[in-house]
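I opened a new page for this structure.

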Amino acid sequence: MRLVAKLTAALFLAIGAVFALHGYLSVQRERAIVDAYRHRGDHLVLQVLSAMVRERWQSAGSAAALAQIASVDARRDGVGLRWVWLDLPGADPSGPAVPVDPSGTEIVRVDQAGARAFVYAPVDVGAGRPGAIELSESIDEEEQFLQVSGRNAVLTALG
């Protein structure tokens, strides 16, 4: 009888470990998918906006281009847009919120440990200095989704 109880306990522990591993891997996969969707969306938005700002800057001047960015930013839907000069320190209000390599020419994704993600799209507007569009967005909803997924995985393994 003791052997049956030991084998049963070992089987339950093994099944629990398999469920726990599966849950962990599922949450990691979901995190990768969420990040990929956000990255793809950010990249598309910034490509289009960069082209519009570059054209507006050259045809109507910097004030018109900055007004265009401000009008898009005015929606207040958890996404922030602003023009930054990459050669300014982060403490400067016109500088990037997080450190960025000013020599880059491609869209750069920089995640801050806090509740916002930052993406920078360098735009050559012919000003003689590196500028970029900064897109910042809240990642609270994503984190809540992943926490619920993790909690569900733990409850499944315990169940």
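My entries follow in the order I looked things up.

**Ground rules.** I am working with a predicted model, where local features need pLDDT of at least 70, side-chain atom pairs count only at pLDDT 80 or more, and totals for chains, interfaces and linings use all residues. I number residues from 1 along each chain as its sequence is written, and side-chain values use heavy atoms, with hydrogens and water left out.

**Salt bridges.** I looked for a side-chain nitrogen of Lys or Arg within 4 Å of a carboxyl oxygen of Asp or Glu. How many salt bridges did that rule give? The count came to three.

I started with R38 and D35. Their closest N and O atoms are 3.2 Å apart. Both residues sit in helix α1, three residues apart, so about one helical turn separates them. I take helices (H or I, at least four residues) and strands (E, at least two) as DSSP runs, numbered from the N terminus.

Next I checked cover. I call a residue buried under 20% relative accessible area, exposed over 50%, and partly exposed in between (1.4 Å probe, protein chains only). R38 is buried because its relative accessible area is 8%. D35 has 24%, so I noted D35 as partly exposed.

Then I turned to R82 and E134. Their side chains meet in a salt bridge at 2.5 Å, N to O. R82 is partly exposed at 25% relative accessibility. E134 is buried at 4%.

D87 lies in the loop between β1 and β2 (108-111), and R129 in the loop between β3 (116-123) and β4, so the pair ties together parts 42 residues apart in sequence. D87 is partly exposed, with 40% relative accessible area. R129 is partly exposed too, at 32%.

**The second largest pocket.** I searched on a 1 Å grid over the protein atoms alone; a pocket is an open set of points where a 1.4 Å probe fits, with protein on both sides within 12 Å along at least five of seven lines. Lining residues have an atom within 4 Å of a point. The second largest pocket has a volume of about 160 Å³, taken as the space filled by probe spheres set on the points.

Which residues line it? I listed G41, D42, V45, L49, V72, D73, R75, D77, V79, L81, L135 and E137. Two or more of the lining residues come from each of α1, α2 (62-73), β1 (79-85) and β4 (131-138). The largest share, four residues, comes from α1. By class I noted six nonpolar, one polar and five charged residues. Here Ala, Val, Leu, Ile, Met, Phe, Trp, Tyr, Cys and Pro count as nonpolar, Asp, Glu, Lys and Arg as charged, and the others, Gly among them, as polar.

**A surface patch.** L11, I15 and F19 form a nonpolar patch, with about 270 Å² of accessible area together. Members of such a patch have over 30% relative accessible area and no salt bridge, and their nonpolar side chains are joined within 5 Å. Areas come from the Shrake-Rupley method with a 1.4 Å probe. L11 lies in helix α1 (residues 2-60). L11 counts as exposed because its relative accessibility is 52%.

**One more position.** I found S62 in helix α2. S62 is partly exposed at 35% relative accessibility. S62 and A127 are 65 residues apart in sequence and 9.3 Å apart in space, C-alpha to C-alpha.

Notes
Patches are made of residues with over 30% relative accessible area and no salt bridge: like charges are joined within 9 Å, nonpolar side chains (Val, Leu, Ile, Met, Phe, Trp, Tyr) within 5 Å.
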